[in-house]
Structure formats: structure tokens, C-alpha cells
Amino acid sequence: MKPVQHAANAANPVDFAKKTSLFTQIKKNYSAYLFLLPKLILFVAFIAIPVVWAFVLSFQEYKIFGSEWAGFDNYVKVFQSSAFYDALKNTFVFTLVTVPFNVISALIIASLIHPLGKWSQSFFRGAFYLPTVTSMVIVAMVWRWMYNYDFGLFNYVLGWFGMDPVNWLGQTSTALWSLIIMQCLIPFGVGIILYLAAMGSISNSLYEAATIDGANGFQKWLHITIPLLKPTTLYLVLLSTIGSFQVFTQIIMMTGGGPGTSTETLVHLIYKTGFRDFEFGYASAQSIVLFFIILIFSIIQFRVLRYDD
Amino acid sequence: MPKLNKTIIYALLIVFSIVSLLPLYWVFSTSLQLSSYQDEDLERSVSYVDSNPPKMYPMGIPEYFEHWGKARDAEKAGDDKDAAYHREVMHEIVTDSFSGFTTLFTKNNIGRWFLNSIYIAVIVTVGILLFDSMAGYVLAKKQFPGRNLIFYCIVGTMMIPGQVTLVPMFMMVKNLGIMDTHWALIFPDLSMVFGVFLMRQFMYSIPDELLDAARIDGAGEWKTFWQIVLPLARPGLAALGIFTFMNVWNSFLWPIIVLNDADLYTLPVGLKSLQDANLASFKLLMSGAAIASVPMIIVFVLFQRHFVKGLTLGGVKE
């Protein structure tokens, strides 16, 4: 794939300079533009313009009849509000616990599945991926029910061990952790499937060589499998970090950010600011801060996981 | 892998899969639970769903078979009246077990939400497949001024989280006058760009010779695309189609912002409204959840291969 792409890119400027004017080039290729047109219109209208608009809005105070320039007021407001720091802290805690847990458990589960026969492989792959195809709304509804104080499954299970029922979602000390436990116990299906695919492409000769050198199974796993899976690990860490910075559905379906601000997250805060309080400028500033937080985290992870060999 | 005993591996995996599948099981088990029984000590009817300890499976199942056995025995003994009684009870058990579903369809309009979800997901999927493969094709196979610029603009926005455009998109939809209509869902969904990226990657693998041959045979651009490129891109289309369908079917944040009219709700929005109404029992909520999850489960079971393929296509690059 790659060489073709480079050849094509390299050929481009030469063609332009040598042969024809830009206008003739455009005219000659009108059909290519026609092919692009539908997607391009949608892209411009519903992605490009809104992205630019979001930046503009974040510097404005939104009013129904004409917005006013507010400079950095919205951003100042973001960094001065305690609600923002609460949401940031909860989102960080959520991410810092669930991402490593999910990625590592996906690695372990994939490692357990990989040596199995074809039939068992696809059975277990299905069992772990199936819960991920159902909507988070449904998952959140059933977990809310399982966390129910009086009749929920979990308090019943606690009862087996003689423990008192816990008001999982209803008290500040446990609400966020209940959501974290839930996220950890939902299998990271994408991770398992990608790890399995990557493990399948590791050459057997490496393991054979290691066997000759007297390595045991665990050593092979630690010194061959894990290092070779690094690109997949990087991708999965990025993917799940981005995902958990955007955690929203569980919050609105299960706790609404409460009790107090104990489960408030960044996206839920943006949603509330924008669509409950209708402070559009403020909400835009919050969302752009979120964007930069995600961007910075992605860059850090990319660096760390790429170069720390 | 550590040299673990096969049985230990299987045991671990089975325990993990039970944990993984338990919530889904609980959805279906609760949705089919009998609603209540007459408690003799308390002398009132007690809910099976809200009971402690929780009932681990739908209580209707053993009761149904108990009465089925009794009805058969009564028939053998020639006691028609008793047999008819047991048949009647069996019928009641079935009606009661499925009462959550019947209520949702008769009183809560879930059929409407279901159709809305289906048709929006189908329209968006078809549109995405067509537009994204058209765009991906020319971006991979044609030379024209602005090609790289367009591509990098499109790919660049993939980095930006969707929440950034929430507010401006809301204003855009308002200005276009499509607030509280399905167009407010369809247009933004159709503009998702991941498919362009995916299809472009895929189109690179189509040999240029084939396209040249078609051109020499006098096929126009559209004919080449429709009859040669699309059939060759079928595996990519299958993967993209499934993921688009799944994303649209499960999409939640945007629909709850733009939809107000209960008749226009999609399933996730409808489910939220049921939960918010606070009147619904957990049996009813879980029945709704079951209805909303069944289509994706069917799609997954039928197309498992494509799911795996789609994930690996989109995921392991380099």
C-alpha cells in the first residue's frame, strides 16, 4: 500500500509544473470533484464550519439577539469554576483506573484465548465482544438495576458474605467507584480482538528460537509477545483514553453527575452548560479545553509508549 | 503464554465470560420475570422483580412446565376440567411473562421508536457507504489539484472529539430549520469521516491495471466505479456498513439534544424517557432494553466475521 501512495504523491507536483495550468487540470478532472462533492458538502456543513464556529463561540457571550465578543472571559470562567475542577478530577480518576485495567485485562484474556482451537477462539471472542455491541444506554440501565439498593444483584451477593448492603450510586463516597467498577467489568472487546489479530501475526520462528534457548512459556510471553504487541497497545491505550475522557452515557443514565458533583465528568458538564443552562459560549470554551486535554494526553502517551524501549 | 493447564485456561475464560455476559443475561431474565405472586404470609401480592433475594431466572419457566405436566396428567386421568384449568394457568404465565413487551408496544409506542431507529440507521448506512466509497476512490486513485489538501482536512478533523461541535451543530440545525426532525440526526451522521479514511485505504489495493482496462474498453467514470471498484471493495464496505449501522443505532448524546417529540424518538432516547418517567418498573425498563439490544445481537451473530475484519482494518495500520 505504502509505496503506491508515495509514488503518487511524488508524481503530483511534477505533473503540475511540467504540463498544464491549474485550471486545465481542474477541468480535466471534473469527475473526481463530482465524486467528492456529496461528502464534501456534508463535511463542510456539519464538521468544518461547526469546528471553526466552536472556536469563535468560545470567545463570545451568546445572546439570542446578537452575541458579544467576550475575549478570554469564557476561558477564565472555565478555569475559575470549581465545577470544572471537580469534573476534571473525576474524569482523570475514571480514566487513570479504567484504561490500564481494561487494556491489561484485554491482553490477559487475549493471551488466554489465543492458544485455543479455532472453535473455542471464536466462541470466547464472541462472548467478550457481544456486550460491546449493545448500546451503553442499555448497559447503563441494567447496571443501575444491578446496583439497586433494595433489590439489586450486587447487594444480594454482598449478603452471601455477610456484608451490609451498599448504597452504590446514592452516596458520594461510592458513586464514582461504582461507575469505575462497571467500566472495568465491561470487557474491552475491541482490545481483545485487536490483540488476538496481532498475536496471530507474530512469527512462530521467534518462539521456536526462544524454546531452543530454553525459555519457558512465561518468559516467551514477557519477552517476545508483549514487546511485539506494543503498536497495538499504544493504539488501544490512545483509543480507550480518548473514549473515557468522553464518558457521558453512564453518567446521565445512572447518576446525573451526582450525588453532589461526585460523578460529574467533563462531557456531562459541557452537556449541562450547553443544553440545560444554554450558555453556548461557555460550553464551547469548555469543549475546546476538553479537546486540548485529550490532545495533550494523546501526545504524551504516543511519546512514552513509542520511545521507552 | 505461561504453561498453564488447559483446564485452568478454560475455567478462567468461562468465569470471565460469565462476568462479561451477566448484564445481558440480567436484562433478558428481568424482562421475562413474572410480575407478581400472592404471598401467603404477607397476604398481598409481591413483585418477583423487586424481591430479595433476587430471582435468578424467569420464574414463569418452571411454573409453566409444572402446569404443563399437571395438565398432561389430568388429561391422562380424563379430568378435562382440571386439564383446562392448567392450560388456562399456562396461558396466564406466558401472558404475564411477556407483559413488559406488550405494554411497551401498546402503551409506550416502542414500535414507533424501533422503526425510527431502523430507518435512520439504514438511510445513514447506505448514504455513508455510497458517499464514502466515492470519496475514498478518487482520493486513492485520481490525481487532481487539492487532493491532498482535502484529504488532510478530512483526516485532521478525526482527531477532534465530537463534543466540540455539539453547540455549533445545534445552532446549525436550528438555523436550517430541521430541529426536532430526523434530518437533524441523518445529516450530521452522514458527515462522519472515518469511512472516507477507511475506504481510501481499501481502494489502494485495487490494481490500477483493472481501472485502465475499463477505461480502454470505453467505460465512463461512473460505470468503472459502479461495476468494477465497488464489487472489489465489498469486504471494506461490509465492515464499514456494520460499524456505521452500529454507531447510528447506539447513538445517544446528539439525539437527546435535538429530539423533543416523543414520536420521533430513537430507541436509546425512548429508553431514557422511560427511565426518566420514573413510573416504569424494572421489568418494563429491561423489556425495553431487551428490544433495543436484540437487533444488534442478531447483526453481531450473523456478521461476526465482518466485525473482526472491520476492527482490524481500522485498527492495525502501519
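Helices (H or I, at least four residues) and strands (E, at least two) are DSSP runs, numbered from the N terminus. The structure shown is a predicted model, in which local features need pLDDT of at least 70, side-chain atom pairs count only at pLDDT 80 or more, and totals for chains, interfaces and linings use all residues. Residues are numbered from 1 along each chain as its sequence is written, and chains are lettered from A and ligands numbered from 1 in the order in which they are written.

**View 1. The loop of chain A that holds A:Phe278.** A:Phe278 lies between α15 (266-275) and α16 (280-307) of chain A. Although A:Phe278 is not a glycine, its phi is positive, at about 55 degrees. Most residues other than glycine have a negative phi. A:Phe278 is partly exposed, with 13 other C-beta atoms within 10 Å. For this count, a residue is buried if 20 or more other C-beta atoms lie within 10 Å of its own, exposed if 12 or fewer, and partly exposed in between, with C-beta atoms placed from the backbone.

**View 2. The loop of chain B that holds B:Asn109.** This loop joins α4 (99-107) to α5 of chain B. B:Asn109, a residue other than glycine, has a positive phi near 65 degrees. B:Asn109 is partly exposed, with 14 other C-beta atoms within 10 Å.

**View 3. The two domains of chain B.** The assignment gives domain 1 (6-104) and domain 2 (109-315); such bounds come from an automatic or database domain assignment. The centres of the two domains, taken over C-alpha atoms, are separated by 39 Å. Twelve residues of domain 1 are in contact with twelve residues of domain 2, where contact requires that the C-beta atoms of two residues, placed from the backbone, lie within 7 Å. On the side of domain 1 that touches domain 2, the elements giving two or more residues are α1 (6-31) and α4 of chain B. Of the elements on that side, α1(B) gives the most, with five residues. The residues of this side divide into six nonpolar, six polar and no charged. Here Ala, Val, Leu, Ile, Met, Phe, Trp, Tyr, Cys and Pro count as nonpolar, Asp, Glu, Lys and Arg as charged, and the others, Gly among them, as polar.

**View 4. The contact between chain A and chain B.** Chain B contributes 80 residues and chain A contributes 86 residues. Helix α15 (residues 282-315) of chain B gives the most to the side of chain B that touches chain A, with 15 residues. That side of chain B is made up of 55 nonpolar, 18 polar and seven charged residues.

**View 5. The largest nonpolar core.** A nonpolar core is a set of buried Ala, Val, Leu, Ile, Met, Phe, Trp, Tyr and Cys residues joined through C-beta atoms within 7 Å. The largest one has 149 residues, and those with the most contacts inside it are A:Ala106, A:Met141, A:Val142, A:Ile192 and B:Ala289. Helix α5 (residues 110-141) of chain B supplies the largest share of this core, 14 residues. Residues up to four places away in sequence aside, B:Ala289 touches A:Ile138, A:Met141, A:Val142, B:Val27 and B:Leu271. In soluble globular proteins, nonpolar side chains tend to be buried together.
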